[in-house]
Amino acid sequence: MTIVASKPVAANSETIAQAARILAEGGLVAFPTETVYGLGADATNGEAVAALFAAKGRPRFNPLIVHVEDLEQASKHGAFSEPARALARTFWPGALTLVLPRRVDSNLSHLVSAGLDTVALRAPSHPIARDLLAACRRPIAAPSANLSGKVSATTAVHVAEGLGGKVDFILDGGPSLLGLESTVIGFDGGKPALLRPGAVAREEIEAITGPLAGTDEKIRSPGQLESHYAPRAALRLNAQQARDGEVLLGFGNAPDARLNLSPRGDLKEAAANLFAMLRALDKGAAAIAVSPIPQTGLGEAINDRLMRAAAPRNAS
Ligand code: TXA
Ligand code: MG
């Protein structure tokens, strides 16, 4: 690729068509989804997928989510059981990723699965992501558009800050509505299991599947490394107030908060604000204290991200 982007371009029918051409030629395109921004490559092109791992600095053992238009396209790559199909019918297009046995006749690059015999599939609902999938007529492998281990990007400017100069095109579609990555569901001996809490709350999924199996170590997403989503600043969780040298990221009634995820204590609002507020505080503060967040609904995913952001840093 000759073009290397560092500035986002507003998404419209022309720039989406241009992005689709770049993908078809093996380039890397960052694009908005309803969860977070994705860094896309043609999922059937091994060289493009290898370039994607390199741009993110992502370990090769961590497989990627393949974005598809719908259940029909997904069925060419993953073997859907009845419970998997029921979940796709209920939540697609949307913020749910299904990890399924990979079909032997799938033409996806083996790199997307990182050597596993499964593949992660998601049909996003964001209109720009859908238009891009339709325009390039191929599945798009897309991890979150951030450097490996860092905070996910919920705006095109955040993508450019982390990956500018390493990608060919950045489509700007405004801030991500949900602000948290998709929920990842796998199947352990046919039983649905929560591999990563995310933008679809456990309760919504369990209404369809019944109780989800626990996230047992051996079936966990390989990407669930301890330290992840990590700002530069140190993080202290479940804090009632800031100590010396800290700024408070509040939730609910927190008069001393420098920023507040949701003054009215709304978890959806907090999810949408989480990554942008972590980034904003990280620019000034050496240490961030975070108010307690309830563990219900979207709180499970918010607390998961906060725990990883606070974990000791060793990996990239
Ligand atoms: O909302 C999202 O999911 C965003 C947008 C761009 O779609 N994408 C995203 O991708 O968060 P990424 O690569 O940052 O996270 C993908 C997660 C990782 O935890 C990875 O290990 C897991 O999905 N995953 C992918 N393929 C898998 C597989 N075959 N088996 C188990 N886990 C898998
Ligand atoms: Mg990620």
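The chain has nine helices and 14 strands, where helices (H or I, at least four residues) and strands (E, at least two) are DSSP runs numbered from the N terminus. Its radius of gyration is 19 Å, close to the 20 Å that the globule rule gives for 316 residues, so the chain is as compact as a globular protein of that length. That radius is taken over C-alpha atoms, and the globule rule is 2.2 Å times the number of residues to the power 0.38. Along the principal axes, the C-alpha trace spans about 60 × 50 × 35 Å.

Some ground rules. This is a predicted model, in which local features need pLDDT of at least 70 and side-chain atom pairs count only at pLDDT 80 or more, while totals for chains, interfaces and linings use all residues. Residues are numbered from 1 along each chain as its sequence is written, chains are lettered from A and ligands numbered from 1 in the order in which they are written, and side-chain values use heavy atoms, with hydrogens and water left out.

Next, the domains. There is domain 1 (9–209) and domain 2 (234–315), with bounds from an automatic or database domain assignment. Their centres, taken over C-alpha atoms, are 26 Å apart. Domain 1 puts 21 residues into the contact and domain 2 puts in 16 residues, contact meaning heavy atoms within 4.5 Å.

How much area is buried between domain 1 and domain 2? About 1,500 Å², with carbon and sulfur atoms giving 56%. Buried area here is the accessible area (1.4 Å probe) that two parts lose on being put together, summed over both. On the domain 1 side, V151, L180 and P197 supply 37% of the area buried against domain 2, more than any other three residues.

Four salt bridges cross the interface of domain 1 and domain 2; the rule asks for a side-chain nitrogen of Lys or Arg within 4 Å of a carboxyl oxygen of Asp or Glu. The side chains of R202 and E300 also form a salt bridge, at 3.0 Å, N to O. On the side of domain 1 that touches domain 2, α6 (156–163), β10 (191–196) and α7 (202–209) each supply at least two residues.

For the chain, the salt bridge count comes to 15. One of them joins the side chains of D42 and R138 at 3.1 Å, N to O. This pair links distant parts of the chain, 96 residues apart: D42 lies in strand β3 (residues 38–42), and R138 in the loop between α5 (127–136) and β7 (140–141).
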